[in-house]
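Welcome, and thanks for taking a look at this one. Please keep the model open beside you while you read the short briefing below.

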Amino acid sequence: MSGPGGIVADLLPLMWSGIISGCLYGVGALGLVMVFKSSRVVNFSHGNLACLGAFIVYGLSSGSLLSLSWGSAVAVALGVAAFLAVLSYALIAPIVFKSDLASTIATLGVGLILQGVVQLFFGADIVNLDLPIPRFGFSVAGIRISSYDLAVLAITLVIVGGLFFIIDRTKLGVAFRAVSSNPFACEVSGLNLRSVHLFSWLAAAVLGLVAALLIVPTTFLSSTTVPTFMLTAFTAAVVGGFSSLPGAAVGGIILGIAMNLFSFYVSPEFMNTFLLAVILMTLNFFPNGLLERAIGGRV
């Protein structure tokens, strides 16, 4: 068995890589929480829409569809994801005001349709999709920091910072917070709930695509990779609390570290069991999230 020095030497790199992956879980979880807070719908099509967007980037940048630059391909994918988010909400909107459960089930149908579109146009093959960034790395206190790590941190900070700026400092953000707190009072006051819902669905589509493009370089891209990743993001949302955007972001980092430690010190084969146990324990003992008291649920 390794001594205390060996445990620390293993622990620090595991925590660092857990923070990096946790940032992506947090970004994915933010999209889920955005939709839930505004419309009380758990959007199970979140991962499938992000997967389709990632495949569009692959198809347009690899030459299988067109030969565009990576940036142009991302711009097109964002446009397509935004359009599909609007279309998805348009299909579900009549149900949203009638039943939260029915609208949540409807997102499962939308997700299956999007998965079918991916398999129809791109097949079930496994492909690689990398970030167009310089490759370098350096070590700090025994922790290997790569250019990918820095890119994830920078993009996450920009995306999450921009989202919270919009929510805190703009009229649309004030409307989102108001609808999240009391939708009935907002509707009586004349606020257009559908416009706020649509904002949250569009924001979720962008967040999902960003998370997908950042997580795929660490593994591979297939019709199931990103949806599976979003199920982990769902766990992060449960951990942080579906009532709190900051909780979702921090919950992602907590989950990323916990998953790395469990995989290394226990077994990666039981990761799904571990995630299910985390969900059940959190819902039983902290139904509003682990961080409810620490950071509250206003935002």
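S267 sits in the loop between α10 (245–265) and α11 (271–285); helices (H or I, at least four residues) and strands (E, at least two) are DSSP runs, numbered from the N terminus. This is a predicted model, in which local features need pLDDT of at least 70 and side-chain atom pairs count only at pLDDT 80 or more, while totals for chains, interfaces and linings use all residues. Residues are numbered from 1 along each chain as its sequence is written, and side-chain values use heavy atoms, with hydrogens and water left out.

- S267 counts as buried because its relative accessibility is 12% (buried means under 20% relative accessible area, exposed over 50%, partly exposed in between, with a 1.4 Å probe and protein chains only).
- The S267 side chain reaches the backbone nitrogen of E269 at 3.2 Å.

**A nonpolar patch**
- V250, I254, M281, F285, F286 and L290 make a nonpolar surface patch of about 560 Å².
- Patches are made of residues with over 30% relative accessible area and no salt bridge, with like charges joined within 9 Å and nonpolar side chains (Val, Leu, Ile, Met, Phe, Trp, Tyr) within 5 Å.
- A salt bridge here is a side-chain nitrogen of Lys or Arg within 4 Å of a carboxyl oxygen of Asp or Glu, and accessible areas come from the Shrake-Rupley method with a 1.4 Å probe, where for residues only the protein chains shown count as cover.
- At least two residues of the nonpolar patch come from each of α10 and α11.
- F286 belongs to the loop between α11 and α12 (292–295), and with a relative accessible area of 40% F286 is partly exposed.

- R40 lies in the loop between α1 (4–39) and α2, and has a positive phi of about 60° although it is not a glycine.
- At 34% relative accessibility, R40 is partly exposed.
- Helix α2 (residues 46–62) is mostly covered, with 14 of its 17 residues buried.
- Just after α2 comes G63, with a positive phi of about 95°.

**The whole protein**
- Twelve helices and two strands make up the elements of the protein, in the order α-α-α-α-β-β-α-α-α-α-α-α-α-α from the N terminus on.
- The C-alpha trace spans about 65 × 50 × 35 Å along its principal axes.
- Of the 299 residues, 47% count as buried.

Methods
Polar contact = N/O pair within 3.5 Å; in protein donor to acceptor, adjacent residues only side chain to side chain.
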